[in-house]
Amino acid sequence: MKKRTGLSKTQSTRYGSLVAVLCGRKPYYTFLEKLKEQEFVIIDEHSNSQEVIITEKGQNEFERLTRLAGLPSWSDIEKI
């Protein structure tokens, strides 16, 4: 039996949405709502631009998905 590697479709969507937030962009509305429901991001209601901010929980999820995808984490990249 072959082991599955990589991310599921749901995980890939979540990962891409978190990458968008980390790059200063807003993900599509439906993806943004899911991230908010799961408390991975918050919206800065006091800013005119309604800035999307990643939470600690969101950062931890990003790191987890990065490892699952087989990509180097930020701490691994900094060592290089």
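Which residues are in contact with Ile54, leaving aside its neighbours within four places in sequence? The legends below answer this and describe further views of the chain.

**Figure 1. Overview of the predicted protein chain.** This is a predicted model, in which local features need pLDDT of at least 70, side-chain atom pairs count only at pLDDT 80 or more, and totals for chains, interfaces and linings use all residues. Residues are numbered from 1 along each chain as its sequence is written, and side-chain values use heavy atoms, with hydrogens and water left out. The protein chain holds 4 helices and 2 strands, arranged from the N terminus on in the order α-α-β-β-α-α. Helices (H or I, at least four residues) and strands (E, at least two) are DSSP runs, numbered from the N terminus. The C-alpha trace spans about 50 × 30 × 15 Å along its principal axes. Of the 80 residues in the protein chain, 30% are buried; buried means under 20% relative accessible area, exposed over 50%, and partly exposed in between, with a 1.4 Å probe and protein chains only. Among contacts between residues at least 6 apart in sequence, 37% join residues at least 24 apart, where contact means heavy atoms within 4.5 Å.

Figure 2. Leaving aside neighbours within four places in sequence, Ile54 is in contact with Leu18, Val21, Leu22, Phe40, Val41 and Gln59. The C-alpha atoms of Ile54 and Ser12 are separated by 17 Å, the two residues being 42 apart along the chain.

**Figure 3. The crossing of helices H1 and H3.** Two packed helices are described by the angle between their axes and the distance between the axes. For helix H1 (residues 9-22) and helix H3 (residues 56-68), the axes come within 10 Å and cross at roughly 125°. H1 is therefore oblique to H3. Axes are lines fitted to C-alpha atoms, for helices over the stretch in contact, and angles run from 0 to 180 degrees between N-to-C directions. Angles under 35 degrees count as roughly parallel, over 145 as roughly antiparallel, 65 to 115 as roughly perpendicular and the rest as oblique. The crossing of H1 and H3 is left-handed, a term for a near helix turned anticlockwise from the far one by less than a right angle, with right-handed used if clockwise.

**Figure 4. Residues at the contact of H1 with H3.** From H1, the residues Gln11, Arg14, Tyr15, Leu18, Val19 and Leu22 take part. In H3 they meet Gly58, Gln59, Glu61, Phe62, Arg64, Leu65, Thr66 and Leu68. The residues of this contact divide into 7 nonpolar, 4 polar and 3 charged. Here Ala, Val, Leu, Ile, Met, Phe, Trp, Tyr, Cys and Pro count as nonpolar, Asp, Glu, Lys and Arg as charged, and the others, Gly among them, as polar.

**Figure 5. The largest nonpolar core.** Twelve residues in all make up this core: Leu7, Tyr15, Leu18, Val21, Leu32, Leu35, Phe40, Val41, Ile43, Val52, Phe62 and Leu65. At least two residues of the core come from each of H1, H2, E1 and H3, and H1 gives the most, with 3 residues. A nonpolar core is a set of buried Ala, Val, Leu, Ile, Met, Phe, Trp, Tyr and Cys residues joined through side-chain atoms within 4.5 Å. Leu7, one of the core residues, touches Ser12, Tyr15, Leu65, Leu68 and Ala69, not counting residues up to four places away in sequence.

**Figure 6. Thr66 in helix H3.** Thr66 has a relative accessible area of 3% and is therefore buried. Apart from neighbours within four places in sequence, Thr66 is in contact with Tyr15, Leu71, Pro72 and Ser73. Thr66 and Leu35 are 31 residues apart in sequence and, C-alpha to C-alpha, 17 Å apart in space.

**Figure 7. Gln38 and Glu39 in the loop between H2 and E1.** The loop lies between helix H2 (29-37) and strand E1 (41-43). Gln38 counts as partly exposed because its relative accessibility is 33%. Not counting residues up to four places away in sequence, Gln38 touches Arg14 and Lys57. Glu39 is exposed, with a relative accessible area of 52%. Phi of Glu39 is near 65°, a positive value in a residue other than glycine.

**Figure 8. Arg25 in the loop between H1 and H2.** With a relative accessible area of 58%, Arg25 is exposed. The C-alpha atoms of Arg25 and Glu51 are separated by 8.9 Å, and the two residues are 26 apart along the chain.
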